Amino acid sequence: MQGHKRVLLAAPRGYCAGVDRAVVAVEKALERYGAPVYVRKQIVHNIHVVTELEAAGAIFVDEVDEVPAGAHVVFSAHGVSPAVVSAASDRGLQAIDATCPLVTKVHREAVRFAKSDYEILLIGHEGHEEVEGTAGEAPEHITIVNSPDHADEVEVKDPSKVVWLSQTTLSVDETMETVRRLRVRFPHLQDPPSDDICYATQNRQVAIKKVAKDADLVIVVGSANSSNSVRLVEVALEYGAKAAYRIDYADEIEQSWFDGVATVGVTSGASVPEVLVQEVLADLAGAGYRDVEEVKTAEEDLLFSLPKELRSDAAGNRDDRALGGRTTRP
Ligand code: SF4
């Protein structure tokens with residue numbers, strides 16, 4: 001029999017500091033330089049954010065050779081390889097680097113270990129923009145490891161000088177399994193100097209684990225190309241949710257999902273504006289799930305200052321974020 005209908009709302013969820021900074025960077029660039037402002041790749045992996053910025057005058061391109069010479073181009077939160085930076089400079093583009101500082105940290109680690117002649121096993125999804133950017137820092141030294149199974153077959157030249165690094169938005173549990181299997185084969189494998197999987201990815205996974213054990217159904221708001229959103233669906237299923245779905249918008253919810261469902265868990269990926277979650281909650285309320293309980297597992301107050309190119313305006317006013325001000329977005 002179906003019990004009391006309720007929603008468990010995971011917290012933290014939604015925007016992380018790196019996404020907030022990247023989105024505000026495009027908004028500020030539009031404000032300062034006027035439309036159009038070009039953006040290489042989706043600024044963050046969320047269709048709603050991209051559509052709204054397009055409406056405001058941003059033009060998203062795949063590569064910098066699509067940007068008119070001399071124009072402003074923003075590099076996305078996922079980061080770029082040095083080859084992309086050079087190509088932009090060769091074209092005379094005015095680059096604004098919105099790479100998340102936590103991705104830049106992994107780039108720096110890659111450069112440092114490559115300089116010391118380590119082989120770097122980069123755990124991540126081949127083809128993902130962040131992995132392409134990091135691998136491009138030291139292509140001769142980096143091998144991408146896609147999965148725990150791949151760890152059983154990857155080859156290295158010198159097993160005594162190997163380090164692993166990772167993409168920032170992976171499943172923590174799966175990554176640890178990949179590392180465990182790598183270490184069976186390479187006992188001297190070194191760990192990164194600090195966690196590469198970022199605080200936001202980790203916090204959202206911890207929160208959904210707590211929600212999932214009591215949920216008949218979990219709804220994750222996030223886009224299909226958002227790595228951390230897709231991981232939230234997998235983690236929810238692993239930790240006890242009877243079913244879990246990812247949606248971009250509330251109107252993708254299907255009535256058949258609610259058969260026999262008392263408790264619905266809700267969360268959102270790190271690139272998702274809260275307004276989209278509120279629309280889901282409104283739909284759920286309409287279906288009788290009005291009782292909403294927040295399940296909070298961490299507080300987040302991290303805020304990154306804007307890319308240096310946008311930190312002061314022509315009048316010499318500083319970015320309020322650099323002064324510890326609040327973000328301009330929800
Ligand atoms: S998910 Fe993590 S690494 Fe990616 S933008 Fe957000 S804080 Fe940065």
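D117 sits in the loop between α4 (101-115) and β6 (119-123). Helices (H or I, at least four residues) and strands (E, at least two) are DSSP runs, numbered from the N terminus. The phi of D117 is positive, about 65 degrees, although D117 is not a glycine. D117 is exposed, with a relative accessible area of 54%. Here buried means under 20% relative accessible area, exposed over 50%, and partly exposed in between (1.4 Å probe, protein chains only).

This is a predicted model: local features need pLDDT of at least 70, side-chain atom pairs count only at pLDDT 80 or more, and totals for chains, interfaces and linings use all residues. Residues are numbered from 1 along each chain as its sequence is written, and side-chain values use heavy atoms, with hydrogens and water left out.

K41 also has a positive phi, near 65 degrees, and is a residue other than glycine. K41 lies in the loop between β2 and α2 (47-56). K41 is buried, at a relative accessible area of 15%. Most residues other than glycine have a negative phi, and most peptide bonds are trans.

A cis bond joins A11 and P12, with omega about 5 degrees. P12 belongs to the loop between β1 (6-11) and α1 (17-33). The bond from A35 to P36 is cis as well, with omega near -5 degrees. P36 is placed in the loop between α1 and β2 (37-40).

P12 leads on to T267. T267 is part of strand β11 (residues 263-268). Its relative accessible area is 0%, so T267 is buried. Leaving aside residues up to four places away in sequence, T267 touches A10, P12, R13, I208, I219, V220, V221 and L232. Contact means heavy atoms within 4.5 Å.

Next comes helix packing. Two packed helices are described by the angle between their axes and the distance between the axes. The axes of α1 and α2 come within 11 Å and cross at roughly 5 degrees. Axes are lines fitted to C-alpha atoms, for helices over the stretch in contact, and angles run from 0 to 180 degrees between N-to-C directions. The two helices, α1 and α2, are therefore roughly parallel to each other. Angles under 35 degrees count as roughly parallel, over 145 as roughly antiparallel, 65 to 115 as roughly perpendicular and the rest as oblique. From α1, the contact uses V23, V26, E27 and L30; from α2, V49, L53 and A56. By class, this contact of α1 with α2 has six nonpolar, no polar and one charged residues. Ala, Val, Leu, Ile, Met, Phe, Trp, Tyr, Cys and Pro count as nonpolar, Asp, Glu, Lys and Arg as charged, and the others, Gly among them, as polar.

Finally, the cavities. The structure holds two of 30 Å³ or more. On a 1 Å grid over the protein atoms alone, a cavity is a set of points where a 1.4 Å probe fits but cannot get out; lining residues have an atom within 4 Å of a point. Grid points are joined across faces, edges and corners, and a volume is the space filled by probe spheres set on the points.

The largest cavity holds about 280 Å³ of space. Of its 25 lining residues, C16, V19, H78, T168 and T169 are the closest to its centre. The lining divides into 12 nonpolar, 12 polar and one charged. The second largest cavity has a volume of about 50 Å³. Helix α7 (residues 172-185) gives the largest share of that lining, three residues.

Key: On a 1 Å grid over the protein atoms alone, a cavity is a set of points where a 1.4 Å probe fits but cannot get out, and a pocket is an open set with protein on both sides within 12 Å along at least five of seven lines; lining residues have an atom within 4 Å of a point.
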